[in-house]
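Student: Please take a close look at the side-chain contacts. Begin with the aromatic rings, then move on to the charged groups.

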Amino acid sequence: MDFGYTEEQLRIKRGIREWAKENLTEEVIAAGYKNRGIDPKVAKAWVDSGWGMYGLPEEYGGTPVDHVTMAMIIEELNHAGGNIPMAPNLLIMFDVVEFGSPEQIKYAMDYYKENGYPPYCLAISEPGAGSDNQGMTCLATKSGDGKVHINGTKTWVTQGEHSDGFIVVCKDEDPSRENKNMSMYLVPADAKGVTIEPLNKIGMQIMPFAMVHFDDVVIDEDQTLGIPGKGFLQLMKNFEWERCVLLAELLGEAQAAMDDACAWTSERLQFGKGIKSFQLVQEHICEMQIALSNTRNFLYRTCWKLDNGIWVNNDAALLKRYGAPALTDVCSRALQLMGGLGYTDQTRVSRLMLDCRGFQIGGGTVEIMVHIAGRGILKDYEKAAADPDFLWTI
């Protein structure tokens, strides 16, 4: 087993760190949280530098890399000290280039290169259907004249406040629970019947939420993204990778909190001595490093499996189930070590802790991860019991 970076990965990692030092200073990041969005010039600089093109197909001007390298890029970007929006932007672009028509892909890539962010954000959850995707009632009906009518409400739409369009997942023709036919539709934010209602959340203000209402919004049928009726299956295809991306973001933020906590601990004096000599302080540091190391190993092992065509449904769910709470605890311990100062907005650890707490909900709650992995693990043990030659993978 080789746990080392390749020379190319090291070059990329150093390059992104240098780019972040110049473009993602603490002042820039803090302003993004205050203003409910990163400065578009920063997002544009990310794309113009070439870093924002990593992971996209070469035929569209991208630089293909494996999942391990992509996770490393996202971790290093968020290591700058925030939930930097350019990582979720790439998730949207991945979906468009995988499922879109040539015309849709060209439009999205041209828009992305010009603006630094994609023309769409993903609208899945509804007020009555969060983890229960089959409970969606947002409906798309065809009128027979080449038009699609969309009605319903989506909520907790990340970047919905600022995006120029939405990838909306709708039930086709029938809103009943039994209907499993769902499609993805590209809906302009300025289409007649679209109402955007900004929402407030306690963390990740740099990527604000919105509730989006669709009141008889009419689009052309050619604005369907991917295969009609297979929208949810398309979502499921990338769920495992999305969970890796989310944990790479979280890992970068938690590592930033660890950096700050260790720097503070090394300098802070109490009772006439450095607190770094206090055993309970050292215990916090050790537990934080264990959580970081375990999550990093779990993340990159899962990405390695993806790159080698190994099924990762259980791994991705377990990664989120373990990593999201563990890394939130890293940020919480960092705040605790910094005491009263950590509980103010004069340091970034309080901001990082609130960001990380949200990862236990977004992209599938940690409770749903137990359901997904629990049934999958039992199936694996059934296979192992029935096959004397069964061997567990790494």
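Tutor: F271 is exposed, at a relative accessible area of 78%. F278 is partly exposed, at 24%. The cut-offs are simple: buried is under 20% relative accessible area, exposed is over 50%, and partly exposed lies in between, with a 1.4 Å probe and protein chains only. The model is predicted, so local features need pLDDT of at least 70 and side-chain atom pairs count only at pLDDT 80 or more, while totals for chains, interfaces and linings use all residues. Residues are numbered from 1 along each chain as its sequence is written, and side-chain values use heavy atoms, leaving out hydrogens and water.

Now the rings. A pair of aromatic rings is described by the distance of the centres and the angle of the planes. Rings of Phe, Tyr and Trp (its six-membered ring) pair if their centres lie within 6.5 Å; planes under 30 degrees apart are stacked, over 60 edge-to-face, and the rest tilted. F390 and W392 are edge-to-face, because their planes meet at 85 degrees, with centres 4.9 Å apart. Both are partly exposed: F390 at 26%, W392 at 47%. Four tyrosines, Y107, Y111, Y117 and Y120, form one aromatic cluster.

Charges also meet rings. The rule asks for NZ of Lys or CZ of Arg within 6 Å of the ring centre and within 35 degrees of the ring normal. K201 lies over the face of F209, 3.9 Å from the ring centre. R351 does this over Y33, at 4.7 Å.

Next, the salt bridges. Each is a side-chain nitrogen of Lys or Arg within 4 Å of a carboxyl oxygen of Asp or Glu. The count is 18. Take K44 and D48: their closest N and O atoms are 2.9 Å apart. Both sit in helix α3 (residues 40–48), four residues apart, so about one helical turn separates them. Helices (H or I, at least four residues) and strands (E, at least two) are DSSP runs, numbered from the N terminus. K44 is partly exposed at 24%, whereas D48 is exposed at 51%.

E126 and K154 also form a salt bridge, N to O at 2.9 Å. This one links distant parts of the chain, 28 residues apart: E126 is in the loop between β1 (121–123) and β2 (139–142), and K154 is in strand β3 (residues 147–154). E126 and K154 are both buried.

K142 and E221 form a salt bridge too, with their closest N and O atoms 3.9 Å apart. K142 is partly exposed at 43%. E221 is partly exposed at 31%. Elsewhere, salt bridges that share partners join K13, R17 and E76 into one network.

Last, a helix. The expected span is 1.5 Å times one less than the number of residues. Helix α8 (residues 239–267) has 29 residues and should therefore span 42 Å; its end C-alpha atoms are 43 Å apart, which agrees. Helix α8 is mostly covered, with 21 of its 29 residues buried.
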